[in-house]
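Colleague: Please show me the model, and then I will ask how its terms were assigned.

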Amino acid sequence: MENKVTEAKKTVQKRMEPKLKLINMDKVEVEQIEWLLYPFIPYGKVTIIQGDPGEGKTTMVLQIIAKLTRGEAILPTVSLTDDKENAEVPVNVIYQTAEDGLGDTVKPRLVSSGADLQRVLVIDDAENPLTLADDRIEKAIRENNAKLMVIDPLQAFLGANVDMNRANEVRPVFRKLADIAQSTGCAIV
């Protein structure tokens, strides 16, 4: 009887295990990385800006947003000609924050940075809090052709059922965010 139970467990385990699939690296196509800010922020990827409170992370990101929305290069470039054909194109940005007020902090900082406010969007999550697993993220990026999405701070959008200190809970959420970045070509910071 015990052998039959053991055999039944092995059969169930065998059925539940995924089939082994291997990717041979000689079949993988090399892809070029495109950069929002070389070599720091790539398009189609998730980038984490880390630092202690008060070090200027948000200020730096808002300066980047201002330049992008005006169609300016983030960093100064040296050009031997006045080439208007290679000028940057203004882009749309989605900015989600859980720490700063939109009217008393974010907008005044964007105004002082000279951002084109028409190009800076925020997902309204007043009635339904936004999480990193929320489909509204991808929808907002696609509908507005956003080239940058800022989530500040990232851990505020994990969701109530995700423990930041448990890798098995955080990884799937970050994986979904990485998949959104890759499929939309948007840089997510």
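**Helix crossing and cavity**

Modeller: Helix H2 passes helix H3 in a right-handed crossing (the near helix is turned clockwise from the far one by less than a right angle). This is a predicted model, in which local features need pLDDT of at least 70, side-chain atom pairs count only at pLDDT 80 or more, and totals for chains, interfaces and linings use all residues. Residues are numbered from 1 along each chain as its sequence is written, and side-chain values use heavy atoms, with hydrogens and water left out.

Colleague: What makes H2 oblique to H3?

Modeller: The axes of H2 (residues 57-70) and H3 (residues 102-113) cross at roughly 55° and come within 9 Å. Angles under 35 degrees count as roughly parallel, over 145 as roughly antiparallel, 65 to 115 as roughly perpendicular and the rest as oblique, so H2 is oblique to H3.

Colleague: Which residues make the contact?

Modeller: From H2 they are Thr58, Thr59, Leu62, Gln63, Ile65, Ala66 and Arg70, and from H3 Arg109, Leu110 and Ser113; contact means heavy atoms within 4.5 Å. By class, four are nonpolar, four polar and two charged.

Colleague: How many cavities of 30 Å³ or more does the structure hold?

Modeller: One. A cavity is a set of points on a 1 Å grid over the protein atoms alone where a 1.4 Å probe fits but cannot get out, and lining residues have an atom within 4 Å of a point. The largest cavity has about 30 Å³ of space.

Colleague: What lines the largest cavity?

Modeller: Ile41, Ile49, Val61, Ile64, Leu148, Val150 and Val189 do. By class, that lining has seven nonpolar, no polar and no charged residues. H2 and strand S5 (146-152) each supply at least two of the lining residues.

Conventions: Axes are lines fitted to C-alpha atoms, for helices over the stretch in contact, and angles run from 0 to 180 degrees between N-to-C directions. Helices (H or I, at least four residues) and strands (E, at least two) are DSSP runs, numbered from the N terminus. Ala, Val, Leu, Ile, Met, Phe, Trp, Tyr, Cys and Pro count as nonpolar, Asp, Glu, Lys and Arg as charged, and the others, Gly among them, as polar. On a 1 Å grid over the protein atoms alone, a cavity is a set of points where a 1.4 Å probe fits but cannot get out, and a pocket is an open set with protein on both sides within 12 Å along at least five of seven lines; lining residues have an atom within 4 Å of a point. Grid points are joined across faces, edges and corners, and a volume is the space filled by probe spheres set on the points.
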